[in-house]
Amino acid sequence: MTYVIHGATGAQGAPVVSALAATGRPLVALTRNADAVVKGAARVVSADYSSAEQLTAAYRGAAGVFVHLPLGAEADRVRYARTVLAAIREARPSRVVFSTSGSGGGALDEPADSAVSTLTSGLEAGEVSFAVVQPRLFLENLLLPPVLDAARERGVLRYPLRADYPVSWASHLDVAEVAAALFDRPDVTGVIAVGQDPAVTGPDLAAAFGARLGREVAYEAITPTAFGASIAPLFGEGPAAGVAGLYQALGALAGNAIAPERSAQQLLGLSPRTTGRWLADIGL
């Protein structure tokens, strides 16, 4: 039986492919490009999130499916969530692991009609074994050129959260390890929080970067608006404004820390990387 990985060449899917391939599982890589070469995958399949027929064919007979929704307009994401659910109901894979992909994790209440809520509630109402992986903020956000370049060149780690704001950061590598473990643990269901516990602050991040870069790095809180402007050339004005809005909402909270009782540490015995270990693992 195969394991189907959405976005197998992307930031989240590729580490899941690597984690599962290391265990010798037969993998089907779902990508937008059928000609893509995915190391570790037995097959590469081009499947459209909006096609229930294509997804059903990919899911049928699968031992596991790893799902995360692509970035884009929320209306499109809701449509994709419904299509994924329709394919799951029809194909009935043995297990589904859905990553909510960060964006604040459980710190902010998801609207009932959001894509994440639609997919989560649909899995809860279905008959297929599932788990929802819920990271908070991704450490990979700190690799964005406006953030990393300032740390490297000027010794300042700039981010749109106040200095004393605690976050349970996690990496894509952590999500991949948790997803792989969940395919072996059908007894673990519901939401599994992925992130550092205890949560860390901006100066903690800066200290880890400084140790890795071999120089003093200070933390500087910037406004969500300024952060949005800095990433607009990379992602476009609309997506950048959405990111700025997310950090504006997060800033109104006391912090963004996981609940230890629903953590991967507690439920699976898996601790996420420290910031320093993550920086070493990615070779920074």
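User: What makes the pairing of the R25 and D184 side chains a polar contact?

Analyst: In this predicted model, the side chain of R25 makes its contact with the side chain of D184 at 2.3 Å. A polar contact requires a pair of N or O atoms within 3.5 Å, one able to donate a hydrogen and the other to accept it, and the value of 2.3 Å for R25 and D184 therefore falls within that distance.

User: Where is R25 found, and what does it touch besides D184?

Analyst: R25 is found in the loop between helix 1 (13-21) and strand 2 (27-31). Leaving out residues up to four places away in sequence, R25 touches Y3, L20, A180 and F183 as well as D184.

User: Which residues of helix 1 are buried, and what do they pack against?

Analyst: The buried residues of helix 1 are G13, P15, V16, V17 and L20, and they pack against strand 1 (3-5), strand 2, strand 4 (64-67) and helix 6 (172-183).

User: What makes helix 3 roughly parallel to helix 4?

Analyst: Helix 3 (residues 74-91) and helix 4 (residues 115-125) pack at an angle of about 15°, with their axes 8 Å apart. Angles under 35 degrees count as roughly parallel, which means that helix 3 is described as roughly parallel to helix 4. Their crossing is right-handed. On the side of helix 3 the contact includes V78, A81, L85 and I88, which with other residues meet a set in helix 4 that includes V116, L119 and L123. The residues of this contact divide into nine nonpolar, two polar and three charged.

User: Why is helix 8 described as roughly antiparallel to helix 9?

Analyst: The axes of helix 8 (residues 224-235) and helix 9 (237-251) cross at roughly 150° and come within 8 Å. Angles over 145 degrees count as roughly antiparallel, and helix 8 is therefore given that description relative to helix 9. Helix 8 passes helix 9 in a right-handed crossing. Among the residues making the contact are F227, I231 and F235 of helix 8 and V243, A244 and Y247 of helix 9, and the residues of the contact divide into 10 nonpolar, three polar and one charged.

User: How do you know whether R92 is buried, exposed or partly exposed?

Analyst: R92 has 47% relative accessibility, whereas buried means under 20% and exposed means over 50%, so R92 counts as partly exposed. R92 lies in the loop between helix 3 and strand 5 (95-99), and has a positive phi of about 50° although it is not a glycine.

User: Why does N256 count as buried, and what does its side chain contact?

Analyst: N256 has a relative accessible area of 0%, under the 20% limit, and is therefore buried. N256 has its place in the loop between helix 9 and helix 10 (264-268), and its side chain makes a polar contact with the side chain of R136 at 2.9 Å.

User: Why is A150 called buried, and which residues is it in contact with?

Analyst: A150, which lies in helix 5 (residues 145-154), has 0% relative accessibility, under the 20% limit, and so counts as buried. Apart from neighbours within four places in sequence, A150 is in contact with P145, G155, V156 and R158.

Key
Residues are numbered from 1 along each chain as its sequence is written. This is a predicted model: local features need pLDDT of at least 70, side-chain atom pairs count only at pLDDT 80 or more; totals for chains, interfaces and linings use all residues. Side-chain values use heavy atoms; hydrogens and water are left out. Axes are lines fitted to C-alpha atoms, for helices over the stretch in contact, and angles run from 0 to 180 degrees between N-to-C directions. Helices (H or I, at least four residues) and strands (E, at least two) are DSSP runs, numbered from the N terminus. Angles under 35 degrees count as roughly parallel, over 145 as roughly antiparallel, 65 to 115 as roughly perpendicular and the rest as oblique. A crossing is left-handed if the near helix is turned anticlockwise from the far one by less than a right angle, and right-handed if clockwise. Contact means heavy atoms within 4.5 Å. Ala, Val, Leu, Ile, Met, Phe, Trp, Tyr, Cys and Pro count as nonpolar, Asp, Glu, Lys and Arg as charged, and the others, Gly among them, as polar. Buried means under 20% relative accessible area, exposed over 50%, partly exposed in between (1.4 Å probe, protein chains only).
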